[in-house]
Amino acid sequence: MDTITLPQTFFTLQDLSSLGGTVIAVYVIVSFLKDYLKILGKRISKDGSGDWIVRPSSVLISFLIIIWTLVIREEVSAENIGLAIINAFLVALIAGAAHDYIVAPTKEKAVFQAMDKENLKNNLENQGSSEAKNISNPNNISG
């Protein structure tokens, strides 16, 4: 079995200058800001949905990190700024895909568990069992 080794150092400029390092930084930052971004998105949106703001925010955060690394390394030029814009979209896309890969199976599992619980409740109700009430009761620890 493979062992997992945790990193022993913090991010460095070299890490943030790489695609993988920038993706990880964006993923972590957006994960922490996501709920606040959605609240802001709901206030701005006319339909009440706040999810739309997460992707543009990911691109913006990616761009800011890339530009920051360019400024620190004193490599700011029109060419690098243009590439930073393109790379910001790439980083945001990969960070979003990483989120979907990590979180989507968990959400899917929760949906299936809820569906199984509902199916069990319906079957018990059809059989006339009083246990069906305990399944939907939020105070029931076993349900």
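Author: Here is the overall picture first, then the pocket you asked about, then its surroundings.

A quick word on the ground rules: this is a predicted model, so local features need pLDDT of at least 70 and side-chain atom pairs count only at pLDDT 80 or more, while totals for chains, interfaces and linings use all residues. Residues are numbered from 1 along each chain as its sequence is written, and side-chain values use heavy atoms, with hydrogens and water left out.

The protein has five helices and zero strands, giving the pattern α-α-α-α-α along the sequence. Helices here are DSSP runs of H or I with at least four residues, strands are runs of E with at least two, and both are numbered from the N terminus. Out of 143 residues, 22% count as buried; that label means under 20% relative accessible area, with exposed being over 50% and partly exposed in between (1.4 Å probe, protein chains only). The protein exposes about 10,900 Å², and carbon and sulfur atoms supply 62% of that. Those areas come from the Shrake-Rupley method with a 1.4 Å probe, and for residues only the protein chains shown count as cover. Among contacts with a separation of 6 or more, 50% join residues 24 or more positions apart, where contact means heavy atoms within 4.5 Å.

Now for your pocket. Rolling a probe the size of a water molecule over the atoms shows where empty space is left. On a 1 Å grid over the protein atoms alone, a pocket is an open set of points where a 1.4 Å probe fits, with protein on both sides within 12 Å along at least five of seven lines; lining residues have an atom within 4 Å of a point. The largest pocket has a volume of about 490 Å³. That volume is the space filled by probe spheres set on the points, with grid points joined across faces, edges and corners. Its lining has 21 residues, and Val 54, Arg 55, Gly 96, His 99 and Asp 100 are the closest to the centre. To answer you directly, the elements giving two or more residues to this lining are helix H2 (19-44), helix H3 (54-72) and helix H4 (78-126). H4 gives the most, with nine residues. By class, the lining has eleven nonpolar, four polar and six charged residues. Nonpolar covers Ala, Val, Leu, Ile, Met, Phe, Trp, Tyr, Cys and Pro, charged covers Asp, Glu, Lys and Arg, and the others, Gly among them, are polar.

Ser 31 is found in helix H2, and Ser 31 is partly exposed because its relative accessible area is 39%.

What about the second largest pocket? Its volume is about 210 Å³, and of its 15 lining residues, Ser 17, Ile 66, Thr 69, Arg 73 and Asn 87 lie nearest the centre. H2, H3 and H4 each give two or more residues to this lining, and H4 gives the most, with six. Arg 73 sits in the loop between H3 and H4 and, beyond four places in sequence, is in contact with Leu 13 and Ser 17. At 32% relative accessibility, Arg 73 counts as partly exposed. Glu 74 lies in that loop between H3 and H4 too, with a positive phi of about 55° although it is not a glycine. Most residues other than glycine have a negative phi.

Of its 16 residues, Val 26, Val 30, Ile 61, Ile 65, Ile 66 and Val 91 touch the most other members. H2, H3 and H4 each give two or more residues to this core, with the largest share, six residues, coming from H3. Leaving out residues up to four places away in sequence, Ile 66 touches Thr 22, Ala 84, Asn 87, Ala 88 and Val 91.

Definitions and conventions. A nonpolar core is a set of buried Ala, Val, Leu, Ile, Met, Phe, Trp, Tyr and Cys residues joined through side-chain atoms within 4.5 Å.
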